[in-house]
Amino acid sequence: MAEFDPQTLKLTLKIVYYGPSLSGKTTNLLSLHEQLLTPSKGQLMVLETQNDRTLFFDLFPLGFRAPSGLLIKFKIYTVPGQVAHDSTRKAVLSRTDGVVFVADSRKTQTVNNGESFENLADNAARVGLDFQHLPLVVQFNKRDLPDVLSETEIHDRWATAPWPLTFASALQGQGVIETFSVLLAQLFPRLDAEFALQADHGLDSDQFIAGAVGSAA
Ligand SMILES: Nc1nc2c(ncn2[C@@H]2O[C@H](COP(=O)(O)OP(=O)(O)OP(=O)(O)O)[C@@H](O)[C@H]2O)c(=O)[nH]1
Ligand SMILES: [Mg+2]
């Protein structure tokens with residue numbers, strides 16, 4: 001949950017990249033860290049990996065200042081996707097403000113994606129998040145590989161789902177900033193309702209996204 005500190009005029013937000021093992025969550029974070037132009041880009045911490053697999057989590061801190069002087073800080077995490085690390089996933093998911101679900105676009109990964117998405121819904125409920133209203137984006141990654149579901153097939157399958165879908169090749173850096181921006185757009189109305197970002201801090205949705213990614217609004 002967003003934490004507001006009126007003393008230091010600081011708003012801290014937590015974002016989590018969730019999804020099945022090897023879908024490309026850590027790769028998204030690496031690419032985000034590389035591509036963002038935000039002036040106060042913190043150091044990326046990629047913790048304890050074994051054969052490319054996250055054992056605990058990765059963390060990328062990021063921040064920018066609103067025209068009012070409010071410092072908006074993001075703590076962006078990845079969870080470990082391997083089934084065995086469920087308690088870590090739950091701990092990382094706790095008190096999150098928004099989730100990017102990274103799915104693997106390959107046809108062979110459909111069941112893994114589905115199970116991981118169910119695991120996200122279960123764990124969200126377990127840590128007390130309101131899953132129906134949680135800002136969430138579903139990214140279909142690894143578009144560069146053969147044997148992926150077509151965009152039309154994916155849109156058809158997810159037609160009744162309320163969440164925006166994005167397509168990415170995180171290894172090539174494609175769709176990474178777009179996905180993050182779509183999540184921020186999902187997040188903005190909630191933050192604005194709670195913290196009056198527009199009225200008190202001079203930030204509309206586009207300026208909020210531009211501040212976070214370091215581009216001109
Ligand atoms: N071809 C291709 N490979 C990718 C892409 N994104 C990630 N990979 C590769 O997939 C493998 C797993 O990526 P990671 O980012 O470590 O996956 P993860 O989701 O963090 O996995 P866990 O930490 O086990 O949950 C690595 O070898 C990546 O280079 C992509 O868009 N295209
Ligand atoms: Mg990882």
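A nitrogen atom of ligand 1 lies 2.8 Å from an N or O atom in the side chain of D144. This is a polar contact, defined as a pair of N or O atoms within 3.5 Å; within protein, one must be able to donate a hydrogen and the other to accept it, and residues adjacent in sequence count only if both atoms are side-chain atoms. The model is predicted, and local features need pLDDT of at least 70, side-chain atom pairs count only at pLDDT 80 or more, and totals for chains, interfaces and linings use all residues. Residues are numbered from 1 along each chain as its sequence is written, chains are lettered from A and ligands numbered from 1 in the order in which they are written, and side-chain values use heavy atoms, with hydrogens and water left out.

Two further contacts of ligand 1 involve oxygen. An oxygen atom of ligand 1 is 2.8 Å from an N or O atom in the side chain of S21. An oxygen atom of ligand 1 is also 3.4 Å from a polar backbone atom of L171. On its own, ligand 1 has 650 Å² of accessible area, and the protein covers 87% of that. Accessible areas come from the Shrake-Rupley method with a 1.4 Å probe; for residues, only the protein chains shown count as cover.

Ligand 1 sits in the largest pocket. A pocket is found on a 1 Å grid over the protein atoms alone, as an open set of points where a 1.4 Å probe fits, with protein on both sides within 12 Å along at least five of seven lines; lining residues have an atom within 4 Å of a point. A molecule sits in a pocket if more than half of its atoms lie within 2 Å of its grid points. Helix 1 (25-35) and strand 6 (53-54) are the elements that give two or more residues to the shell around ligand 1. Helices (H or I, at least four residues) and strands (E, at least two) are DSSP runs, numbered from the N terminus. Helix 1 gives the largest share of the shell, three residues.

In total, 20 residues surround ligand 1. The closest are K25, T27, T54, G81 and D144. A residue is near a molecule if one of its heavy atoms lies within 4 Å of it. The shell holds six nonpolar, nine polar and five charged residues. Here Ala, Val, Leu, Ile, Met, Phe, Trp, Tyr, Cys and Pro count as nonpolar, Asp, Glu, Lys and Arg as charged, and the others, Gly among them, as polar.

The loops were examined next. V83 is found in the loop between strand 8 (71-78) and helix 2 (86-93). V83 is exposed, with a relative accessible area of 73%. Buried means under 20% relative accessible area, exposed over 50%, and partly exposed in between (1.4 Å probe, protein chains only). V83 and S21 are 62 residues apart in sequence, yet their C-alpha atoms are 7.7 Å apart in space. S21 also has the side-chain contact with ligand 1 given above.

L22 is found in the loop between strand 2 (10-18) and helix 1. Its relative accessible area is 42%, so L22 is partly exposed. Phi of L22 is near 70 degrees, a positive value in a residue other than glycine. Most residues other than glycine have a negative phi. D147 also has a positive phi, near 65 degrees. D147 lies in the loop between strand 10 (136-141) and helix 4 (151-157). With a relative accessible area of 55%, D147 is exposed.

G128 is found in the loop between helix 3 (110-126) and strand 10. G128 counts as exposed because its relative accessibility is 61%.

D104 lies in strand 9 (residues 98-104). At 3% relative accessibility, D104 counts as buried. Its side chain makes a polar contact of 2.8 Å with the side chain of R106. Another, of 3.3 Å, joins the side chains of D104 and K142. T166 is found in strand 11 (residues 165-167). Relative accessibility is 2% for T166, so T166 counts as buried. The side chains of T166 and T179 are joined by a polar contact of 2.9 Å.

D5 lies in strand 1 (residues 3-5). D5 counts as partly exposed, at 28% relative accessibility. A polar contact of 3.0 Å joins the side chains of D5 and T8. A polar atom of the D5 side chain also lies 3.0 Å from the backbone nitrogen of Q7. D5 and L71 are 66 residues apart in sequence and 9.8 Å apart in space, C-alpha to C-alpha.
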